[in-house]
Amino acid sequence: MQRIGVFVCWCGSNIAATVDVETVAQTLAKEPGVVFSTDYQYMCSQAGQELIQEAIREHRLTGVVICSCSPRMHEATFRKTVEKAGLNPYLLEIANIREQCSWIHKDKLTATQKAVILGRAAIAKVQLNAPLTAGKSPVTKRALVIGGGIAGIQTALDIAEAGFPVDIVEKKPTIGGKMTQIDKTFPTLDCAACILTPKMVDASQNENIDIISYAQVEKVQGFVGNFSVTIRKKARYVDEHKCTGCGLCTEKCPQKKVPNEFNLGLDNRRAIYIPFAQAVPKVATIDPNYCAMLKSGKCGVCAKVCTAGAIDYKQQDQLITREYGAIVVATGFEPIQLDKFDEFAYSQSPDVVTSLEFERLMNAAGPTGGTLLRPSDGKHPHTLVFVQCVGSRCDGAEKGKSYCSKICCMYTAKHAMLTREKYPDTEVYVFYIDVRTPGKNFDEFYRRAVEEYGVHYIKGMVGKVTPQDGKLKVQASDLLGGRQLRIDADMVILAAAIEPDKTARPLATMLTASMDTNDFFTEAHPKLRPVESPTAGIFLSGACQGPKDIPETVAQASAAAAKVIGLLVKDSLTCNPCTAKPDELMCNGCSSCEKVCPYGAITYVDKSFRGPNRTTLIRRVAQVNPAVCQGCGACTVACPSGAMDLLGFSNQQILAEVDAICR
Amino acid sequence: MTDWTNRVQEISGVNPRKCMKCGKCTATCPAYDQMEYHPHQFVDMVCTGRVEELMASKGIYTCLGCFACVERCPRSVEPANLIEAVRLAVIRQQGGNHMKPDQIPGLLNEELPQQAITSALRKYSKGG
C-alpha cells in the first residue's frame, strides 16, 4: 500500500493570493493513498525542505507530491531533498500550481479547484512511479566553438587558457568576424583592428586552439559530454600548410572584377584573395565562382607565380568528424537587407549607404584609404544625414524587426563625431526616435557628439530621400521644432537593423537548440542562465542570442567559456534515467520509432524468441541506447503497437493522470 | 476618453497607442505646409482624447489621402485612416446636420429628380 505525502506551497503570495492552499491541502488529504498533507509558506526554503524530510521519515512515505512552481524551477531541488531523506528521487511528482494555475487565473474559487485537480493528477501518477537510478556517461574533454568572430575567439581563448583543447569553425576564409570591418570602437574610439588582431594571433598560436576556417558544421550527433560533429571544410584550392601568405598570387590574378565582400562590394578583389592583411590564417583562397582556371581550365597564373607550390586546383571539400563534450554557438549577426525601404533610396543612389559600409569608407584599410569620399563621384561630402532605427522597432515582420537593434545609437554617435572631428567643414544631422545609450560612459559619449562636436541631433525621422542633380533631397520631420525639414545632403547613412546570421536557423535544427521568432537563440533562463541553451551542452556566445555591442559580447563570451570549463572538468555526467524502453514482445519491428528519434538513440537488432512447440523465432526488435536517449518521448507516441514506454512517464502513468483530471 | 475618441478608433480600426512617436508620417507628408495639425499630432490627439478639437478643425480636409504615412509608418498606425475616420465622425455627428427638411422647398427644381433630394436628406441628416 502506498503512503503518499502532499506538500502545498504558498510561494509567498504568488500562489496563496489566488489559490486557497489550505483547502487544497485538506482536499488532497482525502485522496486514496495520501497519509499526510500540509501547506507551507516557502517549500523550497531550508525550513520547507526539512518539513518534507521529517514527514518522509515520520510517516514512512513511499511517494511525495509537491504542489508548487514549475518542475523546471525546483524539480532538481526537491529530488535532492527527498533523496536525503532516503527516498528514491524519482518517487517525487510536482503539480505546477503556480505557472499553470495561480499566475493565469484571477478567480480564487476556480484556481483552487484547478489546483486540487492538478494535485490529484500528480497523486495518481506517483502511485505508479518506480524507483529509477541514474547512470553515468563520460565527458569528451574538447569543445567546439561555431563562429570565429570576437565572441567565438574570446570563448575559445578562455577555454584554451583553462587547458582544454578547443576547435573554432569559421565559415569565412579568416576568423575575426564583423569586428574586422569596424573602424573605431565606442566609447573609447580605439581602433578595432588594433585590439582585435592580437586576439586573432593569440588564437592561432595557442596550442589548445585549432582553427578550422572556410568550413561549416554539417551534422551533429550525440548529447551533452558526447557530441560527434561532422565539419565540411570547403576546398580553398590552396594548400594551407604550404601557402606563406605572401600575396603575390592576389596581385597577379587577371580576374580583377570580383566584388570584395570584405569592403561590402565598395571595391573589387581578385579571384584568388586574402580578405585583409591581418587575416588568420593568412592563406589565399580561390573563389570558384570567378576563377577562370576552375571554370574553364584556362589560366593558371596563380600556380605559376606561387613559389611555395601551394595552389591545388584539384582540392576537394574535406569532411572532418570529431568528438566534443560541449558546443558553443557564436554565429553572430548580419545587417538586414534594405530592399523594403525604398523611401531611403538605398538601391537608387550609391551615396546612400549602411552604417557598416560607412565603417569601410572611414577605415584606413578600406576602399578609400580612410578618406571619406562619396561613392558616386569620389568627392568630399559636406552634408551628411544619419537615419536611426531603419528596420528596427517595427510592427511585425512585414515592416521590419520588432526589436531595438541596440548598437545603432552608439555607433551613429561615433560616426557623427568622427566625421565632425576629421572634417570640421561638414554639417552632420542625426535623426532619432529615442537616443538609447545605457552603458558605462555611453551617454557621456553621445553628449560629447552634441556638445563638443556640434552634431545636429533632431528628434524626428526621415520620410523620403530623392536623388536629384547630384544631391540627395532629404525630407524629414523635426518634431521638437514643429517643422518639416528639407536638407540637400551629399550622403545619407542608414543605421540598418541587425539580424542573426542566416546559418543560425539550420544550425539550431542540427543542435536541437531552441530559437525565438526572430531566429535569435533562446537562453535556458533569460535572467539566471543567460549563456546556456535549454539543450544541455550547448552554450551561447555573442549576438546569436540577441543584439549586443562588443563589451557585452566579450563578457558573454567569457561567461560561456566558464560554463564550458565547468562541464569539461567533470569526468562523468549523471544521465537522465527517464529514457525510452521497448517491450520486445510487443515490438513489431516497424522502425517508426527509429525514424522519429532526434538523437539517433534507437537501433534495431535481430533477436531470437521462443515460439510455440519448442521453435525459435528470429524477430527484428527496437533497442534504445539509454546513454543517448534524452527522454523526449517522440518514440512512445510514434509506436503503433504501444511497445515503447518512457521510464518515469509511462503510458499507464500519463493515462492515470488524465483519468484523475477527468474524474 | 470621450465617446468620439472611441468612435474614431472604432471607425478606423486604428490603435493610436501603437505609435512610437517617430514622426515618419509627418516627415513623409506632402501636404505638411497646408495643415493645421500634422499627422503625428492627430495621432497624438486621438490618443489623448482631443478628437473634438480635430473635428472642429478645417485642417482635417487638407489631408490628401495619399496614404504615404500609412505606407511608411513603421508601427502600422495608419494616420490617414484615422483622419478619414475623424471626417466621417463629423458627418455622422448628431445635430450637426448638413441638410434639414425645411431646406427642401428651396431646393425643388424641375430638372432635379425628387429622389435625389430624398437621398441627400437621408445621407446628410442623422437625426436630432
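Predicted model: local features only at pLDDT ≥ 70, side-chain atom pairs only at ≥ 80, totals over all residues.
Local features need pLDDT of at least 70 and side-chain atom pairs count only at pLDDT 80 or more, while totals for chains, interfaces and linings use all residues. Residues are numbered from 1 along each chain as its sequence is written, and chains are lettered from A and ligands numbered from 1 in the order in which they are written.

Chain A has 663 residues, of which 46% count as buried (20 or more other C-beta atoms within 10 Å of a residue's own; exposed means 12 or fewer, partly exposed in between, with C-beta atoms placed from the backbone). Its C-alpha atoms fill a box of roughly 90 × 70 × 40 Å, taken along the principal axes. The secondary structure of chain A comes to 19 helices and 34 strands; helices (H or I, at least four residues) and strands (E, at least two) are DSSP runs, numbered from the N terminus. Among contacts in chain A with a separation of 6 or more, 70% join residues 24 or more positions apart, a contact being two C-beta atoms, placed from the backbone, within 7 Å.

One open sheet of chain A has 5 strands in the order S10-S7-S6-S18-S29, with parallel pairing. Two strands pair if DSSP finds at least two bridges between them. Strand S10 (209-212) and strand S29 (538-540) of chain A stand at the edges with a single partner strand each, so one side of each is left without a neighbour in the sheet. On average, neighbouring strands are turned by 20° against each other, direction ignored. Strand S18 (residues 326-329) of chain A pairs with S29(A) over 3 bridges in the parallel sense, and A:Val329 stands opposite A:Leu540 in S29(A).

Helix H7 (residues 150-161) of chain A lies across strands S6 (143-146), S7 (166-169), S10 and S18 of chain A, and runs at about 170° to S7(A). Axes are lines fitted to C-alpha atoms, for helices over the stretch in contact, and angles run from 0 to 180 degrees between N-to-C directions.

The largest nonpolar core has 137 residues; such a core is a set of buried Ala, Val, Leu, Ile, Met, Phe, Trp, Tyr and Cys residues joined through C-beta atoms within 7 Å. A:Ala143, A:Val328, A:Val329 and A:Val492 touch the most other members. Helix H16 (residues 550-568) of chain A gives the largest share, 8 residues. A second, separate core of 43 residues includes A:Ile4 and A:Trp10.

Chain B is divided into domain 1 (3-93) and domain 2 (97-128), with bounds from an automatic or database domain assignment. Their centres, taken over C-alpha atoms, are separated by 31 Å.
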